[in-house]
Amino acid sequence: MKTLVLGATDNPDRYAYRAVHALKTHGHEVVPVGIRKGAIAGLPIHTDRPQETGVDTVTLYVGPQNQPGWYDYILGLKPRRILFNPGTENPELEELAQKQGIQTEEACTLVLLSIGQY
């Protein structure tokens, strides 16, 4: 399964960094997207908006105040689901996604991986 991590950073203190490593460790194809160039777990952080196909999950590490500029990109990827990690909850984006048949879930990627529910 392909997961796009939005809000990726090469700062090891951030949860997005940990999520990329954990996803890769669990065998998922990972596409890190962020605002600054860098690399995580040997993967480049895309600072553009790569037009990926076959995205199963978009996991968000961008606060709701910074999400509107990403709406068209996220929805255009047509993922199966969007994960809203703690602090990224956004009823507006959840509603837009659900109207397009995209599942939404308020959950922590790291927790889901650790309990085998990802």
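A: The largest pocket has a volume of about 490 Å³ (the space filled by probe spheres set on grid points joined across faces, edges and corners). This is a predicted model, with local features needing pLDDT of at least 70 and side-chain atom pairs 80 or more, while totals for chains, interfaces and linings use all residues. Residues count from 1 along each chain as its sequence is written, and side-chain values use heavy atoms, without hydrogens or water.

A pocket here is an open set of points on a 1 Å grid over the protein atoms alone, where a 1.4 Å probe fits and protein lies on both sides within 12 Å along at least five of seven lines; lining residues have an atom within 4 Å of a point. The lining has 22 residues, and Gly 7, Arg 14, Ala 16, Tyr 61 and Val 62 sit nearest the centre. By type, that's twelve nonpolar, eight polar (Gly counts here) and two charged (Asp, Glu, Lys or Arg).

Now for the sheet: five strands (DSSP E runs of at least two residues) make an open, parallel one, ordered E2-E1-E5-E6-E7. E2 (29–33) and E7 (103–106) are the edges with a single partner strand each, so one side of each has no neighbour in the sheet. Pairing takes at least two DSSP bridges; E1 (residues 2–6) and E2 have five, and Leu 4 has Val 31 as its partner in E2.

Five exist in the structure, including Glu 52 with Lys 2, at 2.8 Å from N to O. Glu 52 is in the loop between E4 (43–44) and E5, and Lys 2 is in E1, so the pair ties together parts 50 residues apart in sequence.

Terms used
Helix = DSSP H or I, 4+ residues; strand = E, 2+ residues; numbered from the N terminus. Salt bridge = Lys/Arg side-chain N within 4 Å of Asp/Glu carboxyl O.
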